[in-house]
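Colleague: I have just opened this structure and would like to learn how to read it. Could you walk me through a few features?

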Amino acid sequence: MQSRRGDDPRTLPTEPALRVILRRLREIMAEPGDGQSRLDKIVRQISGLMVAEVCSIYLKRQDGSLELFATEGLRKEAVHNTRLMRGEGLVGRCAELAVPINEPDVQKHPAFSYRPETGEEIYHSMLAVPILRGGTVLGVLVVQNRTRREYSDEDVEVLLTTAMVVAEHIVSGAVAGAGAAAELSRSLTGVVRGEPISDGIALGHVVLHEPRVVVTKLLAEDIDTELQRLESAVHKLRISLDELLSVEALAQAGDHRDVLEAYRMFANDRGWVRRMEAAIREGLTAEAAVERVHNATRTRMLRQNDPYWRERLRDLDDLSARLLRILAGRTTAAREGFQLPADTILVARTMGPAELLDYDRSKLRGLIIEEGSGQSHVAIVARALELAAVGQARGIVERVSTGDPVIVDAESGDIHLRPSAEVVAAYSDKVRFRARRQRQYQALRDLPTVTRDGARISLLINAGLLVDIPHLAESGAEGIGLFRTELQFMISSTLPRRDKQTETYRQILDGAGEKPVVFRSLDIGGDKILPYLRQPKEENPALGWRAIRIALDRPGLFRTQIQALIRAAAGRELRIMIPMVSTVSEIEAAKGLINREVENMERHGVPRPAKLHLGAMIEVPSILYELDALMPHVDFVSVGSNDLLQFLFAADRSNAHVGHRYDPLSVSALKALKQIIRAGNKHGVPVTLCGEMAGRPLEAMALIGLGYRTISMAPASIGPVKTMILSLNAAKVTGVIDELLQSKSGSIRSELQEFARAEGVELA
């Protein structure tokens, strides 16, 4: 057999040898006999055909450990006796990361785990590849040689393809004891821990947002037919991308256009297609060829430090998935015609707000996403839809299949996969208890929100979509303290025109009736990217070009929105709040733009609002030192505690590593919030707090103790917070907090909890 590197007999075979390996493996799997004997023959064949002194197969157990199931070259007595703990050694590392490990001298690697019973101490070079099926790691396929050498990219591709065939043998159920590996992530009950992003509890069945196309047929029966299938699928893929780029909203020049053009260029890359064609000529089906080239290319990209290539990984993943869907007869990620079950729990890696709204809301019960945080816009929409939702659920997509029973506990962040009857019964009781609590909250809806000692508290809701408006009446809230106007822009495929904006704002004001609505002007930028607007790439977008900064630098968009708001509010009060104000000069500039629009529209005979109130959102720490200068320029202020506190503590609230490193009930945070309410009282300017902390009873109690009398929250939080207020003595909690701010440092959470227990304040 030819060698790729001159006379070295231990070099892995050239590409044509792959066809020989696949043919031999197919023959082995067709032979009679038990699964173990087939595994033994498989490692023997791979070792011989790839000129490797060792070939071993490790399979995953139910606890995540790896067991040596077959070997050629290591000691036979080690089979079924050698086990590696989860993540142990280079083989464990390969399984955990799901990427190939290519080491010229494994014994010098710090992660090397020596097992004397295997006799592997004489071998130096190792190539280990994950045995994958549908994204799930079933085990690891390993080859080893005595010589110190690094295997080539072609070697990696050959072994990855071989591992795909081995995976099919494992999932067939023929190998005794291998069922745990094949079904590890989909057959066991278990708990995945995530981050609650929308409160609630939901029992239901999984529907995958983008169901994975699992390649089940690997070996081609007719190579010419498979080549034609690939050619047709690639042609359809390119046409679909051309149609995407021809959409009017995306046709204009800009950064989004550059990204999409690079994406299309990737799809038109002849090298990509040639590699898939070569894989088919080696005996693979078109689907298997797509997966093989995807795995191999992804492995190479992961080794690149250049951020450009890291970004291209997403293009590769999406293009490969699109191509597989076309080959499977599906043209989109959403399954057209698929009937949602009445108790759908939607599971996705990531999702935008518009995608969530595409689903039948009457059948949605919960949402689980791998990458979302409580501040993501899909989380905001989930709260508006009153879905129980959990984010940061790492690896959930690989662990479930459509139809699996699941429980979403968005109080604790726990996700129960395939729960037992006992767990289902316990959560059914919990759901009934929550329903009783909700009925209790409903009974309080029309009662005035007054503390035991007579302090009047105004409870408002946060909103951002028309679907939020009915929550005003349902919750008994006194108005909308924060209407996020950017959500309308984010769920639209094109820039909403002035007339469309006007109609939306008019419907919101009509729905609110006599209750006040505070419209926050567009807060785009940062993580709120509009695909049809050109925005620069930034190293730190949260601190970059966003909100009022964009409005002042590019006033056209801001002016159009102001015109729409003025038209919608004709004859009524209009409240506009400016986000991300960091200096007084910014609010002065915004006020000047708004006044000019009012005057201009009056000249054109457009009816003006009965009264226009201008407010500033306090969320940038710098403005804390200009409060006395700011207050005379505004009619009200709102504290955006989410951003204010993350900037104050320099801790990204959406980053799982640092988001919980500070407590909003720490002395420093509470002192900053007290400074704002004092300035508002001094200048007679109303102050509202509309961050997440307003919706948690303990934190809301602290805000009342600081002097806040108007707070805005998610609609579902109104009942619990109102219950707390009706049982609270505001003067007492004020005295306790004043004393703690003088004498304590760090968090005062435990002291406030003790106060609530002693005073009988209802926090549940």
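Colleague: Which residues of α19 are buried?

Modeller: Buried means under 20% relative accessible area, with over 50% exposed and partly exposed in between (1.4 Å probe, protein chains only). In α19, Phe558, Gln561, Ile562, Gln563, Ala564, Leu565, Ile566 and Ala568 are buried. Their cover includes α16, α17, β17, α18, β18 and α20. Helices (H or I, at least four residues) and strands (E, at least two) are DSSP runs numbered from the N terminus. This is a predicted model, where local features need pLDDT of at least 70, side-chain atom pairs count only at pLDDT 80 or more, and totals for chains, interfaces and linings use all residues. Residues are numbered from 1 along each chain as its sequence is written, and side-chain values use heavy atoms, leaving out hydrogens and water.

Colleague: At what angle do α17 and α19 pack?

Modeller: Axes are lines fitted to C-alpha atoms, for helices over the stretch in contact, and angles run from 0 to 180 degrees between N-to-C directions. Here α17 (residues 498-512) and α19 (residues 555-568) pack at about 45 degrees, their axes 8 Å apart. That makes α17 oblique to α19 (under 35 degrees is roughly parallel, over 145 roughly antiparallel, 65 to 115 roughly perpendicular, the rest oblique). Contact means heavy atoms within 4.5 Å; among the residues meeting there are Tyr505 and Leu509 in α17, and Ala564 and Leu565 in α19.

Colleague: What is the mean pLDDT of the protein?

Modeller: pLDDT is the predictor's confidence in each residue, from 0 to 100. The mean is 83, and 82% of residues reach 70 or more. Over residues 1-15, pLDDT stays under 50. Where pLDDT is low, the predicted coordinates should not be read in detail.
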